[in-house]
Amino acid sequence: MSQPIVTVNPATGAELATYSAMTDSEIGAALDTAATAQVAWAAEDIKVRGEIVRTAAGVLRERADELALLITREMGKPLAESRAEVHKCATGLEYYADNAATYLADEVYDTSADRAWVSYEPVGVVLAVMPWNFPLWQVFRFAAPALMAGNAALLKHSPNTTGSALACQEILTAAGLPAGLFTTLLIAEPDVPAVTERLIADPRVGAVTITGSERAGSAVGSIAGREIKKSVLELGGSDPFIVLADADLPRVATLAVRGRFLNAGQSCISPKRFIVEETVAAEFTRLVVEQTRALTVGDPEAADTEVGPMARRDLRDGVAAQVDAAVEAGATLLCGGAAIDSDGFFYAPTVLGDVAPGMSVYAEEVFGPVASIITVADADEAVKVANDTPFGLGASVWSADVGTAVAVGRRITSGACFINAIVASDARMPFGGTKRSGYGRELAAPGIREFVNVRTWWAMNEPPSVAPVSE
């Protein structure tokens, strides 16, 4: 019998709930049901699909407080951030309810045919492997476009946010989504690799999407490639935050701190490397350290808490090891740098100075409350450092001259570049990375078109008199 799934409150270390993992036959039955339900759903009028998705947005808003508390207790982010996540999910659902018909409408092409067009048709069942850090938003930002495109969905969520995973299914069911069209699979951790491979290999699964680590993405992408299935990989990031000499330092430092320590630094698009021109590096560093020390760390259910615990003990210990290694290699510990004595999984907000090549915090992802400050001579060196990483998810450039900032940004390899703004996902804009940060896009029109077959149509009123002389 598979081992049970146990969730733990990261603020206290206490167990929250225990769930029975599904058997192989139960997982197979879920896939059978999803495949059957998808056929009828694909034939449903898109207006009806939109009404159900819009209703789900209303359910989210009605249950916002309850859901926010669930998120906070399962993975530790402050309640205010959890509430914001719930409302963002509702906004995303409404966005696709409003726009999917336009994005999926037939597109007419001017050719020598009497009529030529492209249609966007569902791929079948979409398997999603989702992470714990934004346990509702990560799910709904794939589910909204996948369902609106006429697909069914199977969700394999992180075990530590199993309650949130089941809540996603409950919300869609309460909104009137046909039974079995969206199912949360409860898979025991040791069984995940084999079950995931088996599902991707099944011919009824038309695509897979994963948000997670580079290692997990590589494994899922490899299987999808072997099976010749569509895949979307949204993986890690080591996002550069470039501060040019003419930037508004007080405002930029405030945003840097808020951006870095949101969700206890557990965000793939959080600014992880502050790359600062040397003429302003000392002042920027002073401001960042001052504001980092002022952050209120504590019970995520308390109204004044700004930084909660990390989601799991092993994750906290991993970040601590990265910081220790950086200090041993010559980085300067400016504040923080230690676990907080508690039953929970707290790590003090940390700022490292004198970060240089050869340290893991220089180019690799630090998935926790740690900011690295790298001093550079000028914009040219800033670009070089920004690109000196295997990742390419987001980047931001800060300057009083927007034109200069854009010019710098164009030289950085990333899936998104924000000028004088913190990198964030928005349903109205495509989201995704390049290099080791993955491929494919979520959100906006590109996001929904990842989960469809782009079908070419060529129609003649009567057969032509001659055949083509080339393929």
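Two strands count as paired if DSSP finds at least two bridges between them. Keep that in mind as you work through this predicted model.

**Exercise 1.** Work out the order of the strands in the open sheet of 6 strands, and find its edges.

*Solution.* Start with the order: it runs β7-β6-β5-β8-β9-β19, with mixed pairing. Next, look for strands that pair on one side only: these are β7 (182-185) and β19 (438-439), the edge strands. Now zoom in on one pair. Strand β5 (residues 125-129) runs parallel to strand β6 (residues 152-156), and 5 bridges link them. In general, strands of a sheet pair through backbone hydrogen bonds.

**Exercise 2.** Describe helix α3, its buried residues and what they pack against.

*Solution.* First, the length: α3 covers residues 64-75, which is 12 residues, and spans 16 Å from first C-alpha to last, close to the 16 Å expected. Then pick out the buried residues: A64, L67, A68, I71, T72, E74 and M75. What do the buried residues of α3 pack against? They meet β1 (5-8), β2 (15-19), α2 (46-62), α4 (79-104) and α6 (162-174). Finally, step just past the helix, where G76 has a positive phi of about 95°.

**Exercise 3.** Decide whether S372 is buried or exposed, and list its contacts.

*Solution.* Locate S372 first: it sits in strand β14 (residues 370-376). Its relative accessible area is 1%, and buried means under 20%, so S372 is buried. Last, skip the neighbours within four places in sequence; S372 then touches K272, R273, F274, L352, V355 and V361.

Definitions and conventions
Residues numbered from 1 in each chain as written. Predicted model: local features only at pLDDT ≥ 70, side-chain atom pairs only at ≥ 80, totals over all residues. Heavy atoms only, no water. Helix = DSSP H or I, 4+ residues; strand = E, 2+ residues; numbered from the N terminus. Buried < 20%, exposed > 50% of the residue type's maximum accessible area, 1.4 Å probe, protein only. Contact = heavy atoms within 4.5 Å. Expected span 1.5 Å × (residues − 1).
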